Amino acid sequence: MKILIVDDFSTMRRIIKNLLRDLGFTNTDEADDGNTALPMLKTGKYDFLVTDWNMPGMSGFDLLKAVRADENLKDLPILMVTAEAKRDQIVAAAQAGVNGYVVKPFTAAVLKEKIEKIFERIQ
Amino acid sequence: MSEDKQNSPGLDPEITSKLKEQAQALVEQVNAGDYARAMTLINDLSEVRDQSLYQEVGRLTRSLHEAIRNFQIQPQNPEQQEALSKMSDASDRLQYVVEMTGKAANRTMDLVEDAMPRANAMCEQARSLRDDWQRLRRREMAPSEFRELYGRIDRFFESLADDAEKMYTDLSEILLAQDFQDLTGQVIQKVTALVKEVEENLLSLVVMASHVDQLTGTVHELKEKESSIKGEGPQMRAAERSDVVSGQDDVDDLLSSLGF
């Protein structure tokens, strides 16, 4: 299980990386926005994507849409971990095909629950 | 802008009274059929308009100048005082906040990542010793095993003292790493004060601009802003707003209402 963490703040990437490690996911890579993430995802090495929404360059929402539009990536599970809290945005993300949505600030328990729920549904 | 208060929005009372006076005179001249005099009055009228325009522009310029002068930094350094504005300083200051908070977060995470395996090891050793100790109390332990346990307990106490001390040092360093709050708090308060000041100045600029519009008779067509689904960052006062979720439970409710 290889996970890509996308967030423009390195501290947030580090926090998520640590939390994922505690959950037993030690194989993670990082990217700082959609433009960096997309080519990495296209290598096909990743099984799971955790992304922020608001980033310079390509936003997480655009990344979500780009992934869903890509024939090889369209089934990649995506968890959005973001400070974006408007109902419209959450609905839009759901419609664009996000698998889970966590609002910051979040707890380790919430992240764990959402990730487990996503995997449950996939299996 | 105190002189505006008594009069209907905008115009200088001096100017409005002048306008009234001249308008009346104009009507009188037209009625009297003195068109040459009327033309002169029309000229005068537009001069009054120009004059008040100049006045507004003058006031605008003074305000702008004042605003720019107010943005100076480092009073102890007169050369820089001329060159730098508080605005560029404000973005530097905020950059400093980003750096400070980033540094503190990383320092804290370094210490936590360092301490976690040690806490884990302490926990594992203590558990294993407790299990063996209970076997000993139940008299299920062979003498050779006991000798080994004896040595392990000895070493555990030794390392426990060291590890606990190191843990204490880590914790107190984590505590110290939070000192950024004081510094960044001060910086943010300063920037907030500046933003407020700028807002006030901008507001008076807007008021002035509306005076200019009024004098020149300009009407602006305002285009409606199209809404787009763009990232906005953290929402303040989420609990008071209905278009914003107030936490993860709200998100979960919303998503489950969509069939998630």
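Of the 123 residues of chain A, 41% count as buried. A residue is buried if 20 or more other C-beta atoms lie within 10 Å of its own, exposed if 12 or fewer, and partly exposed in between, with C-beta atoms placed from the backbone. The model is a predicted one: local features need pLDDT of at least 70, side-chain atom pairs count only at pLDDT 80 or more, and totals for chains, interfaces and linings use all residues. Residues are numbered from 1 along each chain as its sequence is written, while chains are lettered from A and ligands numbered from 1 in the order in which they are written.

Chain A holds 5 helices and 5 strands. Helices (H or I, at least four residues) and strands (E, at least two) are DSSP runs, numbered from the N terminus. From that end, the order in chain A is β-α-β-α-β-α-β-α-β-α. Among contacts in chain A with a separation of 6 or more, 60% join residues 24 or more positions apart. Two residues are in contact if their C-beta atoms, placed from the backbone, lie within 7 Å.

A:Asp52 sits in the loop between strand 3 (48–51) and helix 3 (60–69) of chain A. An unreviewed UniProt entry places the feature "modified residue: 4-aspartylphosphate" at A:Asp52. UniProt positions are given in the numbering used here, feature names are shortened, and annotations may be inferred rather than shown by experiment. A:Asp52 is buried, because 26 other C-beta atoms lie within 10 Å. Leaving aside residues up to four places away in sequence, A:Asp52 touches A:Val6, A:Asp7, A:Asp8, A:Met12, A:Gly60, A:Val81 and A:Thr82.

Between the chains, 22 residues of chain A are in contact with 21 residues of chain B. On the side of chain A, helix 1 (10–22), helix 4 and strand 5 (100–103) each give two or more residues. Helix 4 gives the most, with 7 residues. This side of chain A has 13 nonpolar, 4 polar and 5 charged residues. Ala, Val, Leu, Ile, Met, Phe, Trp, Tyr, Cys and Pro count as nonpolar, Asp, Glu, Lys and Arg as charged, and the others, Gly among them, as polar.

Helix 4 (residues 87–96) of chain A packs against helix 7 (residues 248–257) of chain B at an angle of about 50 degrees, with their axes 10 Å apart.

Terms used
Axes are lines fitted to C-alpha atoms, for helices over the stretch in contact, and angles run from 0 to 180 degrees between N-to-C directions.
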